[in-house]
Amino acid sequence: MEIVFAGFGGQGVLTSGLIVSEMALQEGMNVTWMPAYGPTMRGGKAYSVVKYSDGPLGGPDMEDMDILVAMNQPSLEYMKYMKEGGLVIMNSDNVADDVEIDEKYDSVRIPCMTLALKVNNPKAANIVAIGAMIKKCGLFEEEKAKEALKKIFEEKGKGKFTAANEAAFMEGYHSL
Amino acid sequence: MKKMWKGNHAIAEAALRAGCQFYAGYPITPQTEVGEYLSSRMPELGRTFLQAENEMSAVYMIFGSYACGMRSMTSSSGPGFSLKQEGIAYMCANNYPAVFANVQRWGPGLGTLDSAQTDYLRDTRGGGNGDYRVIVYAPNSIQETVDLMYNAFDVAEKYRNPVEIMSEAALGQMMEPVAFPEFKERTEDLGWTFDGTNRPHGRIENPEKPGFVRNKIKTMEENEQQWESYMVEDAEYIFVAFGLPSRTTRNAVEQLRAKGEKVGLIRPITVWPFPAKAFAEAKGDIKGLISVESTDAGQLIEDVALTAKKTGHGNAPVYGLFSGQNIPKTKEIIEYFEGIKAGQMKEVF
Amino acid sequence: MAVLTTPKMVSIPNSFCAGCGHGLLNRLIAEVIEENGYEDKTIITLGVGCSCNMNHSWNGDKIQTAHGRGASTATGIKVARPDLLSIAYQGDGDAYVIGLAETLNAAYRNTNITVFVVNNNNFAMTGGQMSWTTMPGQKTTTSEAGRDPLVTGFPIKVPEIVAGFDQVAYVARGSVHSAKEINNLKKYVKNAIEAQLHNEGYSLVEVLAPCPTNWGMNLEKSVAWMEKEVLPYYQVGTLRERTGK
């Protein structure tokens, strides 16, 4: 499984990758997470690539992705690495309505920022997107996903946001 | 349970587990996190972190400390690691151990911050003046980086020779699950180190003795080769790749095998000494060797061709897929292979 | 009755040229180390240049480092063995030209090491080239018409720079050109070494020394030239007193 979270710097796409990595890790799978760093980060672009599998993993960078979570419109440039039949989840608050996605891909539009604001957690648009992705693809069980989410923030010393983050997650989860 | 660790943090923690007491270094992307991590962790453990004024000063600080037997290391990247070469040559001249980490960036001069393997020839051939070799490990995962670093000090002390962990920008920046070994400490006196009493150090004299350098290199070559072979035994085409490209190459081998192609992979774990023994194990009728590397001009390919000649596969054509600033993608490797089969690719050697 | 003894840490004869100032400084350093009972607890880092000659005549523990990296090497030794005396022994080309960064930065950090720099106004080991300490008008093999300071800079005064740092333990400049200055130098050497032994921090002693071979003068003329040209510019004395902290 190859998932790319992409957006502007500050949209939490690195953390998104870490949260999903933790979910895969808890399932006992091999995981690799790679952030955009150095030159790729210039101009405010950010992304992280998560790959997980029962078997050995290939390279850490994007090459044949199953899912792209595009938190903004420029992130759609990575569609060139999308597998046929892959899924793109667009944050419709930052992607124009007239943007068309090729029919060979599956796509959904979620107003991630709007939904995050709805639960008074404006920074959690990335978590809304994860909720939607997990519901759509059935990647991990809801409870286990929430556990991983909690753990990542607790390790960062941000345990007090657990309830707010779970609310954002569920908002995304129920948006589909 | 394993935890996700960033490569650069993991290499630093592994060094501490291995008993590293002193780190001196200078910041340079993409390895800066090694020093950052140690700057807070080492004082916690009662050890010494020192931010040096430049790369040369850092290397001579550990030249001095390891002369006294203290497990010490430095790390760098690109032009910074070039600056350390003088000190590495001095360590070899004096038979001092030391541990280095080179988190490679792409290119000559300032280069770029992209992941690459363009320091291969410099690091495997010594890099400084004179005739010497450094044992160079090229891990392809963060867990392997940790495991190799954990033994690096022991190997360096065994041969009284510098040891390098040759990482790559992406391997330093990415995260993977890691389990760490327990803390260890060498307590016994190495016997030759400087303690103020002017006991024999076996230093300047040795390299000047006829045969000393050659014998030392030969012993390390004989004992320290490490590699991983994958489906090599009956392979007609053997890929050779190390570090991150070895992972996409392995995927390519799996996919090609599924299509019935007799392909295999030799993954050097030590890039010096180069694992000639792995080539000797290949018994198939080899129609081609394919070096897959993140370089522009082709560097690993020189060792592939030389080793093929040494191990009786000298007639096999040697091809090279050089991906420059990128890790070669599995698809590209498969396409390249199909090009070879179709007679569209020209061999390099 | 006073008995003239030779310190155990130096061999006589040594490999220095006739009239060279290194031998005298070697002896003074050895005396102070032995007076402190540190002959088996000292590691001296030798720079590249005429300091290399001490590989044959210095009987204590010694590490030959690279050109200019003496202070860094001595720093590493001190990290590994804070219980030992760590001395960097260098020439002016080594410490003030190629190794200026390492010299100043070790001082800047107030590393607890002692640095001795023999200043003989030229690159002596390589046959007398211009150094940053070469005097205006002084002829060397790379300044054959005499050094033009407007083109190549005025002689560098590193001890004065270091003495201006916020925290260093002890800085002095001495000379071996006269009996009186040799006596004073012994005090500087003693202070520099004892500063380290008392964990006071970085100490530096620059030592003005004749180089008859490369100056193309006999010793008598060399000393006269030092008195006329070198000493008025490079004034001897303590530049930073110990505070005992």
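User: In this predicted model, which helix of chain C holds V151(C)?
Analyst: The model is predicted. V151(C) has its place within residues 149–152 of chain C. That run is helix α6.

User: Is V151(C) buried or exposed?
Analyst: The relative accessibility of V151(C) is 66%. A residue counts as exposed over 50%, so V151(C) is classed as exposed.

User: Which residues form a nonpolar surface patch with V151(C)?
Analyst: The patch lies on the surface and has about 380 Å² of accessible area together. Besides V151(C), its members are L150(C) and F154(C).

User: How much area do chain B and chain C bury between them, and which three residues of chain B supply more than any other three?
Analyst: Chain B and chain C bury about 2,100 Å² between them, with 58% of it on carbon and sulfur atoms. Of the area that chain B buries against chain C, 23% comes from three residues. These are E53(B), G196(B) and N198(B).

User: Which element gives the largest share of the side of chain B that touches chain C?
Analyst: Elements giving two or more residues to that side are β3 (48–51), α3 (55–67) and α5 (85–94) of chain B. The largest share is eight residues, and it comes from α3(B).

Notes. Residues numbered from 1 in each chain as written. Chains lettered and ligands numbered in written order. Predicted model: local features only at pLDDT ≥ 70, side-chain atom pairs only at ≥ 80, totals over all residues. Heavy atoms only, no water. Patch = residues over 30% accessible without salt bridge, like charges linked within 9 Å, V, L, I, M, F, W, Y side chains within 5 Å. Areas by Shrake-Rupley, 256 points an atom, 1.4 Å probe, with all protein chains shown as cover. Salt bridge = Lys/Arg side-chain N within 4 Å of Asp/Glu carboxyl O. Helix = DSSP H or I, 4+ residues; strand = E, 2+ residues; numbered from the N terminus. Buried < 20%, exposed > 50% of the residue type's maximum accessible area, 1.4 Å probe, protein only. Buried area = accessible area lost by both parts, 1.4 Å probe.
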